[in-house]
Amino acid sequence: MKKTLALMLLVFSMLLSLCACEEHAVQSGETPGVPLSPIPAASEPEVSPSPEASPSFDEKEIYRSFLSENYEKLSAACFGVISGIGLIDLDMDSKLEMVLFDAGASASMGVQLFDIIDGGVECISSNMVDVAEQFGGEHLSDVQVSANYFEDFRLMRDAETGELFYQIVSFNGAVDFRFYETIRFSSSDGVLTLTPVAYCYEETNIDTDEIVFTEYKLNGSVCTAEEYNTAMEQLALCAEDTGYDAKGLFRWSEPDYNDSFEGFMLMADAAFALAE
Ligand SMILES: [Ca+2]
């Protein structure tokens, strides 16, 4: 009898302790039998230029074949030197665009932009007439880009919608003139498009250093200096720089990136490996 009573007490105490455990688990937010989820990261995730999908290797292969087949023509059309190459998803459609810098002849270098359309490479924007004529198609833009670094392509975040987009302030000049043009990149029917947002041009008298001529444009239309300045202030408020730096390589990055075909392809392959 004592043995039976002791056994009953033992079972009863085990049941009590089980209930206590379950109650503790529910109070502390745990689900009995289910492992705890990892603690969410306190810091914000790093900005990725293509958060939805990674570009396929085919894109890199298509660009590589294009460069391999057309190196001589491209190089000749760029004053004999292609000084830099990079792949950037400029219109944020998870497909990479190719960026080529020419040798440049003034304050900045000219930029050539290429996209893949129906499986073929087409020039979308070029400072070089020969490049535009030989590799441009129906999507060739009349908006041109001048820059000095791949980092000049800025990944921006719309302050209201959170949308990510690339933007560049294209610039060039000499002793007697200079211009700055803010250009936004987007996609239209899967093809890279360039939209000129704001433009400022100044001419200087080199003897007196006086500004003798100015022209301002907003969305392609001529405007006043005041309208331009107000619009630039608004632009700065509407979007913030994510701090992400676009990647690419220049000839002077490595001694092996010389002006031979092999040297150029070595640089191209290294630049393609940088692309996300
Ligand atoms: Ca793209």
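1. Basis of the model. Helices (H or I, at least four residues) and strands (E, at least two) are taken here as DSSP runs, numbered from the N terminus. By that count the protein chain has five helices and 13 strands. The model is predicted: local features need pLDDT of at least 70, side-chain atom pairs count only at pLDDT 80 or more, and totals for chains, interfaces and linings use all residues. Residue numbers start from 1 along each chain as its sequence is written.

2. Confidence. pLDDT is the predictor's confidence in each residue, from 0 to 100. Its mean over the protein chain is 85, with 80% of the residues at 70 or more. Where pLDDT is low, the predicted coordinates should not be read in detail.

3. Burial and contacts overall. A residue counts as buried if 20 or more other C-beta atoms lie within 10 Å of its own, as exposed if 12 or fewer do, and as partly exposed in between, with C-beta atoms placed from the backbone. Of the 276 residues in the protein chain, 28% are buried. Among contacts between residues at least 6 apart in sequence, 50% join residues at least 24 apart.

4. Strand β2. Six of the six residues of β2 (residues 97-102) are buried, so this strand is largely enclosed by the rest of the structure. Glu97, Val99 and Phe101 point one way, while Met98, Leu100 and Asp102 point the other way. In a regular strand the side chains alternate between the two faces of the sheet. Note that Glu97 and Asp102 are among the buried residues.

5. Neighbours of β2. Two strands pair if DSSP finds at least two bridges between them. Strand β1 (residues 82-88) pairs with β2 in the antiparallel sense over six bridges, and Ile82 has Asp102 as its bridge partner. Strand β3 (residues 109-117) also runs antiparallel to β2, joined by four bridges, with Phe101 opposite Val111.

6. Two hairpins. β2 and β3 form a hairpin with six residues between them, and Gly104 in the turn has a positive phi of about 75°. β3 then pairs with strand β4 (residues 120-125), antiparallel, over five bridges; one of the bridge pairs is Asp115 with Glu122. The hairpin of β3 and β4 has two residues between the strands, and Asp118 takes a positive phi near 50°.

7. Nonpolar core. This term means a set of buried Ala, Val, Leu, Ile, Met, Phe, Trp, Tyr and Cys residues joined through C-beta atoms within 7 Å. The largest such core has 46 residues, of which Ile85, Leu87, Val99 and Val131 touch the most other members. Helix α5 (residues 261-274) gives the largest share of this core, five residues. Leaving aside neighbours within four places in sequence, Leu87 is in contact with Tyr63, Leu96, Met98, Ala271, Phe272 and Ala275.

8. The seven-stranded sheet. An open sheet has the order β11-β10-β9-β8-β7-β6-β12, with antiparallel pairing. β11 (221-223) and β12 (239-245) stand at the edges, each with a single partner strand, so one side of each has no neighbour in the sheet. From one strand to the next the twist averages 30°, taken between axes fitted as lines to C-alpha atoms, with angles running from 0 to 180 degrees between N-to-C directions.

9. β7 and β8. Strand β7 (residues 164-174) and strand β8 (residues 177-188) run antiparallel and are joined by eight bridges; Gly173 stands opposite Arg178. Ser170 lies in β7 and is buried, with 23 other C-beta atoms within 10 Å. The C-alpha atoms of Ser170 and Thr182 are separated by 6.2 Å, although the two residues are 12 apart along the chain. Beyond four places in sequence, Ser170 is in contact with Val145, Ser146, Ala147, Glu181 and Ile183.

10. Met156. This residue is in strand β6 (residues 154-158). Met156 is partly exposed, with 19 other C-beta atoms within 10 Å. Not counting residues up to four places away in sequence, Met156 touches Phe165, Gln167, Ala239, Glu240, Asp241 and Thr242.

11. Helix α4. Of the 14 residues of α4 (residues 225-238), zero are buried, so this helix lies largely in the open.

Notes:
Contact = placed C-beta atoms within 7 Å.
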